[in-house]
Amino acid sequence: MSKKVASKSKTEKPKHFSLLTDFDIHLFRSGKHFKLYEKFGAHTATFNDQPGTYFAVWAPNARVVSVIGNFNQWTDNKHKLTPRWDESGIWEGFFAGIGKGEAYKYAIHSNTGEYLEKADPFAFYAEIAPATASIVWDHEYKWKDSVWMDERKKSIGKPKPYSVYEVHLGSWRRKVEDGNRSLSYKELADELVYYVKEAGYTHVELLPVMEHPFFGSWGYQLTGYFAPTSRFGNPQEYMELIDTFHKADIGVILDWVPSHFPGDAHGLYKFDGTNLYEHADPRKGFHPDWSSYIYNYGRNEVKSFLISNALFWIDVFHADGLRVDAVASMLYLDYSRKAGEWIPNQYGGNENLEAISFLKEFNEVVYANHPDAVTIAEESTAWPSVSKPTYLGGLGFGQKWMMGWMHDTLRYFKLDPIHRKYHQDEITFSIIYAFTENFMLPLSHDEVVHGKGSLLGRMPGDEWRKFANLRLMFSYMFTHPGTKLVFMGGEFGQTSEWNHDRSIDWDALNYAPHQGTLKLTKDLNALYKNETALYKYSFDGKGFEWSDYGDRENSVIVYIRKADSKEELMMVVCNFTPATRQLYRIGVPYRGTWKEVFNSDDSKYGGSGVLNAGLLYTTPVKYHGKDNSVAITLPPLGMTILKLNEEMAEFDLD
């Protein structure tokens, strides 16, 4: 919305226009201003009855700052900004005649003698790469997701299913007939939303949509912190995509990258000729893994910038959560560094105390402003209490990726079934620590790139066994405690490794095994959402009980998922070998009749159809520490789930 400043009187007009008050400056400099996007950047306004644009940028080591663009033939010194009197390092100015849609940059003459042309860190929109200028824009949009937003508030503190479909917007589906182009935000609002809804996921997680110059970075090397990438449309069209997800009852989680930024000439690196946003010492300021630069988390103005950015995507774009990338790289000063390549903290340790403080404050601010949103940490180490509140000594995240579960599970399923009996502990170990954090089980994009192949490609055996293993792994995942995440293509058994320059393998759905896998995914999502036992105590040990994890010889595990009543309880049995096992006895907590409610070997999924049809009657044979048991058939490389059909209180059937 265009801002307007009225004249003081008919005869006296204000000489200057500014959105920044002295209190704003105080908050900014103390690291406590979390709505900087309302003050910095480019904002259309009317001043002294003249429409134009107000610009504000932080460049404390600049000698001169100008705005350049088509409006002045990209000529320096024609639209000079004025430094504020308060030595805050902020330059500002209002220029009539510059309106929405104008491309611009900041021309900076540094005190170091350099001349720099920088994109606006607070720009709301940017030119399509490889062009790098910012664009004056606004966020005028009429949201239609009030029902979703109201329900989000009402659900605070209530257990709910969390099944996430991870998506790279640029390669989910491409128009091959139109030059292999990516879909636009508008097209995604039609096609992607429908697909996710049909597949039954509760949320999508979008790889970074913030503007980034190199498409091959997947968005993780970003330069436009407040601008959704213009590759697929404008900000309002991106809002419409999120709006459409919400109207379909699908939440939107955004990948957020506060861990590093690239060294592109138009970006944050040496923004005013000095190390303004990053540490000057490369032992703290350069990231060897990604050849990028690390934020100076100890600088108050940088903290204000980053936390404002986090709130921006939730405030303005109605995001339902942020998945924070590469948290481990922030926590440790020696992350990916050899001896002598890092600087210990003041106590001699390898913990990055400034980053820890930043992460805690980030989470506190997000949850204080949006208790109905969620923050999720991609954290790959054993750092304690990542998803515990800060007042209990934690980092304050809502959830944490369960990387140990992911590694153990993929390693186990890669084994030939004949060897799995020697590795039983790998598939059961996760339960030992499953409730130490609020864990999300991730089968993410990182597991299908860099020569790792596809999930299906990891599975051993012939085609039938590969698909059976994949169906079993997904079934195991959806019945394991924790929330769920699957990267696009995995849901139907993509055969090739993900390539960001082309679509996922939609042609595979012309073939029955892939159709069956997608059908399984849909049914697992439905089961997960409809069965309280699978999500009510996702982060609490009271929702899980081992029946038997010791049958190594047969590579079978049996466990119980629980809610609050016996009718909700589910018995889960996994057979990790291709051998069908008849009359396999399992102990059950209640006598009566039990019924199979799910079987991953069902022929509708492409399985062999080894099912437990009809009712299963208990017998008073003690097994697995229970007084009663049932004998079932275990499907090959399959999972079966049983529920109590009717309890018998007065007699047992032998």
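**Strands, sheets and spaces**

Author: Two bridges join strand β15, residues 210-211, to strand β16, and this pair runs antiparallel. Please keep in mind throughout that the model is predicted.

Reader: Which residue of β16 stands opposite Met-210?

Author: The two strands concerned are β15 and β16, which are joined in the antiparallel sense. Met-210 falls within β15, residues 210-211, and the residue that stands opposite Met-210 in β16 is Pro-228.

Reader: How many of the five residues of strand β16 are buried?

Author: A residue counts as buried when its relative accessible area is under 20%. Strand β16 covers residues 224-228 and is largely enclosed by the rest of the structure, because the number of its five residues that are buried is five.

Reader: In what order do the strands of the closed barrel run?

Author: The barrel is closed and is made of eight strands with parallel pairing. Neighbouring strands of this sheet are turned against each other by 25° on average, with direction ignored. The order of the strands is β11-β14-β17-β20-β21-β22-β23-β24.

Reader: What is the bridge partner of Ile-376 in β22?

Author: Strand β21, residues 374-377, pairs with strand β22, residues 399-401, in the parallel sense and over two bridges. Ile-376 falls within the range of β21, and its bridge partner in β22 is Gln-399.

Reader: Is Phe-487 buried or exposed?

Author: Phe-487 has its place in strand β24, and apart from residues up to four places away in sequence, it touches Glu-166, Val-167, His-168, Leu-207, Leu-443, Ser-444, His-445, Val-448 and Trp-498. The limit for a buried residue is a relative accessible area under 20%. Because the relative accessibility of Phe-487 is 2%, this residue counts as buried.

Reader: How far apart in space are Phe-487 and Gly-101?

Author: Along the sequence, Phe-487 and Gly-101 are 386 residues apart. In space, taken from C-alpha to C-alpha, the distance between Phe-487 and Gly-101 is 35 Å.

Reader: Which strands stand at the edges of the open sheet of six strands?

Author: This open sheet has the order β25-β26-β27-β32-β29-β30, with antiparallel pairing. Each edge strand has a single partner strand, so one side of each is left without a neighbour in the sheet, and these strands are β25 (544-551) and β30 (615-617).

Reader: Which residue of β30 stands opposite Lys-595?

Author: Strand β29, residues 592-599, is joined to β30 by three bridges, and the two run antiparallel. Lys-595 falls within the range of β29, and the residue opposite Lys-595 in β30 is Leu-615.

Reader: Which helix gives the largest share of the lining of the largest pocket?

Author: About 820 Å³ of space lies in the largest pocket. Of the 31 residues that line this pocket, the closest to its centre are Gly-157, Tyr-367, Gly-398, Asn-438 and Phe-539. By class, the lining divides into twelve nonpolar, eleven polar and eight charged residues. The largest share, three residues, comes from the helix of residues 353-369, α8.

Reader: Which element gives the largest share of the lining of the second largest pocket?

Author: The volume of the second largest pocket is about 580 Å³, and of its 28 lining residues the closest to the centre are Trp-218, Tyr-220, Trp-290, Asp-325 and Asp-446. Both α7 (327-331) and α9 (403-414) supply at least two residues of this lining. The largest share, three residues, comes from α9.

Reader: How much space lies in the largest cavity?

Author: The structure holds six cavities of 30 Å³ or more. The largest cavity is lined by 15 residues, of which Lys-284, Ile-294, Ser-329, Tyr-332 and Arg-337 lie nearest its centre, and the elements that give two or more residues to its lining are α5 (282-285), β18 (286-287) and α7. The space in the largest cavity is about 130 Å³.

Methods:
Residues numbered from 1 in each chain as written. Predicted model: local features only at pLDDT ≥ 70, side-chain atom pairs only at ≥ 80, totals over all residues. Heavy atoms only, no water. Pairing = 2+ DSSP bridges. Helix = DSSP H or I, 4+ residues; strand = E, 2+ residues; numbered from the N terminus. Axes fitted to C-alpha atoms, helices over the stretch in contact; angles between N-to-C directions. Buried < 20%, exposed > 50% of the residue type's maximum accessible area, 1.4 Å probe, protein only. 1 Å grid on protein atoms, 1.4 Å probe; cavity = no way out; pocket = protein on both sides within 12 Å on 5 of 7 lines; lining within 4 Å. Points joined across faces, edges and corners; volume = space filled by probe spheres on them. Nonpolar A, V, L, I, M, F, W, Y, C, P; charged D, E, K, R; others polar. Contact = heavy atoms within 4.5 Å.
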